[in-house]
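Biologist: I'd like to learn how to read a model like this one, feature by feature. Could you walk me through it?

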Amino acid sequence: MVNLPLLSADGDVKWILHSLEAAPDDGRDRSAMALALDAAEARLRSILQTVPDAMIIIDDCGRIESLSTTAERLFGYPTAELAGRNVSQLMPSPDREQHDVYLRRYLATGERRIIGIGRIVVGQRKDGTTFPMHLTVGELRSAERHYFTGFIRDLTDQQLTETRLKELQSEVTHMSRYTALGEMASTLAHEINQPLTAISNYLRGSQRLLDRIEGESTPMLRDALGKAADQALRAGHIIRRLREFVARGESERRIENLTRLIEDASTLALVGAREAGISVSFQFDPNADLVLADRIQIQQVLVNLIRNAMEVMIETPNDRRLEIATAAGASDLVEVSVADTGSGLAPEVASQLFQPFVTTKRKGMGLGLSICRTIVEAHGGKIWVEDRPGGGTVFRFTLRGAQIEEAEHGR
Amino acid sequence: MVAEGVVHVIDDDADVRQSLAFLLSAAGLAVRVHDSALAFLRTVPEINGGCVVTDIRMPGMDGLELQRRLGELKIRLPVVVMTGHGDVPLAVEAMKAGAVDFIEKPFDDEAMLSAIRAALARHAQDSDRSARTAAIQERIMRLSDREREVMDRLVAGKPNKLIAYELGISPRTVEVYRANVMTKMQADSLSELVRMALIEGGAQ
């Protein structure tokens, strides 16, 4: 038994029990038939009013026969405004223009593209706004008439939720990595300090024992042991600074000579530069010589930038030139720049270069520049990247200058 | 005999313990090693004189508890505390509990040896100890009034912003004073500054 809707002239929906209509003279009482008809009609009306999904019934020409209350609300039209209109009115282009074609093609070929399958499509409300929706279409055939029933689920909320969820997930992943970094630094500090202590103790002890031994090579040995012990202590210092920094975000700053600081960092960072055919030039601004900085941290920033620049240049056949410069900037800021003649940066990479765990290197962790940024910002400065005129990249960062008169206030 | 000058090294990390024993022996000191505070306490009846160099964080009894226990037992052994964490509150607690000094790992051999000599000299002439205190006092003398005010607050664990508020100056200026204090006091870290202030304070 199939229920089919028909539209009367006044726009009211009349429901006809087709099976009854198809067999009118089986000897039953007409009034019983009318009663059954009314009951079926009431049943359907109540279904249309309460079905939680939006439901639209159209005929084989695409004309709307009826729709559920949810569908009225969803599209923003009352039934009276839609009844008899082409359902394509509820879709944006290009479906709007194409819908009649879809229908005719189906009726001609019987090839199902949406019926019984269900698809995510876009709907258009009365006010012109569109929304994602899931559409399932059922088909009714009876006598000469042919109807289609569409069930529609609004996906707006669902999609918003999914997008937001994805955003949150990536933020959380990022944050947890960041927090893990802090914890890692703290745990590592303790774990690494123990062997460093043992190394330095053995070296210093050996150095003392050598004092009592005569021999041609002993002065050299003593010297080497002393230097090795110094390096163990230096490693300890770096870890201590890193841990204090992660824990408090406040580091120990001194008034430092920027030129010397850069020269020291370069000695370390430029190992292998000559072999790689990289020429290095320095340009120091005498007005930008004193800065308020944690020497070890700023050296880490410089080493990072210089090593990056060298790595990039080694990959290109260009002229390999590294230019390191300082300049006095506005409002007693001092600017430091590290420029390379490498292949430059793609804009989409440049915008997120300082984010943790973003890297262009195959083996990198993507932490170097993010640590640089954290250090520079904790120093009250900024770090950014620019294209180098003539090709390549320039990294620039600022530090707060320490003017002589300020230093003298402390006297 | 040497019993008076024995340095008791307590650390749960065997490599740190043995390497320190090696260093101290090479420097001509008599050393005994213990792998825990409790193991050390068991040998206490045999001990007379010397000093203790102990790690702060150890499983079982930690360095602070050991200091308290020695106090209860009325054993007046000078204690030098080592820490691989270097956090200021812990160091302050150790110094208040009567430690002679605290040393952050990894340490310079001279820093450790001068702390140990000062500890060993505690019962004797106190000459090393007072020389050390005098050096710190001399550095403090070179601070300006403002720098001294900033240092007192730094040692009390106050952050730059609070110090700036209390002194009615900008945090930026506090940073400059702080940098000057650290340079004049020859302190590498805040915990070292605290250590010096406590040594100087304890001498007064």
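Modeller: Here is a short tour, from the whole of one chain down to single residues. This is a predicted model, so to speak of ground rules: local features need pLDDT of at least 70, side-chain atom pairs count only at pLDDT 80 or more, and totals for chains, interfaces and linings use all residues. Residues are numbered from 1 along each chain as its sequence is written, chains are lettered from A and ligands numbered from 1 in the order in which they are written, and side-chain values use heavy atoms, with hydrogens and water left out.

Biologist: How many helices and strands does chain A have?

Modeller: Helices (H or I, at least four residues) and strands (E, at least two) are DSSP runs, numbered from the N terminus. Chain A has 12 helices and 14 strands.

Biologist: And what share of chain A counts as buried?

Modeller: Buried means under 20% relative accessible area, exposed over 50%, and partly exposed in between, with a 1.4 Å probe and protein chains only. By that rule, 41% of the 411 residues of chain A are buried. As for contacts, the term means heavy atoms within 4.5 Å. Among those in chain A with a separation of 6 or more, 59% join residues 24 or more positions apart.

Biologist: Let's take a helix pair. At what angle do helix 8 and helix 9 of chain A cross?

Modeller: Axes are lines fitted to C-alpha atoms, for helices over the stretch in contact, and angles run from 0 to 180 degrees between N-to-C directions. Helix 8 (residues 258-269) and helix 9 (residues 295-314) of chain A cross at roughly 45°, their axes coming within 9 Å. That makes helix 8 of chain A oblique to helix 9 of chain A; angles under 35 degrees are roughly parallel, over 145 roughly antiparallel, 65 to 115 roughly perpendicular, and the rest oblique.

Biologist: Which residues meet there?

Modeller: From helix 8 of chain A, they include A:Leu261, A:Ile262 and A:Leu268, and from helix 9 of chain A, A:Ile298, A:Leu302 and A:Ile306 are among them. The residues of this contact between helix 8 and helix 9 of chain A divide into 10 nonpolar, two polar and three charged. Here Ala, Val, Leu, Ile, Met, Phe, Trp, Tyr, Cys and Pro count as nonpolar, Asp, Glu, Lys and Arg as charged, and the others, Gly among them, as polar.

Biologist: Which residues does A:Leu209 touch?

Modeller: Not counting residues up to four places away in sequence, A:Leu209 touches B:Phe22 and B:Ala26. A:Leu209 sits in helix 6 (residues 156-210) of chain A and counts as partly exposed, at 32% relative accessibility.

Biologist: Now the backbone. Where are the cis peptide bonds you'd point out?

Modeller: One runs from A:Ser93 to A:Pro94, with omega near 0°; A:Pro94 is in the loop between helix 4 (79-82) and helix 5 (95-109) of chain A. Another runs from B:Lys105 to B:Pro106, with omega near -10°.

Biologist: What is phi for B:Lys74?

Modeller: B:Lys74 isn't a glycine, yet its phi is positive, about 55°. B:Lys74 lies in the loop between helix 3 (63-72) and strand 4 (79-83) of chain B, and is exposed at 72% relative accessibility.
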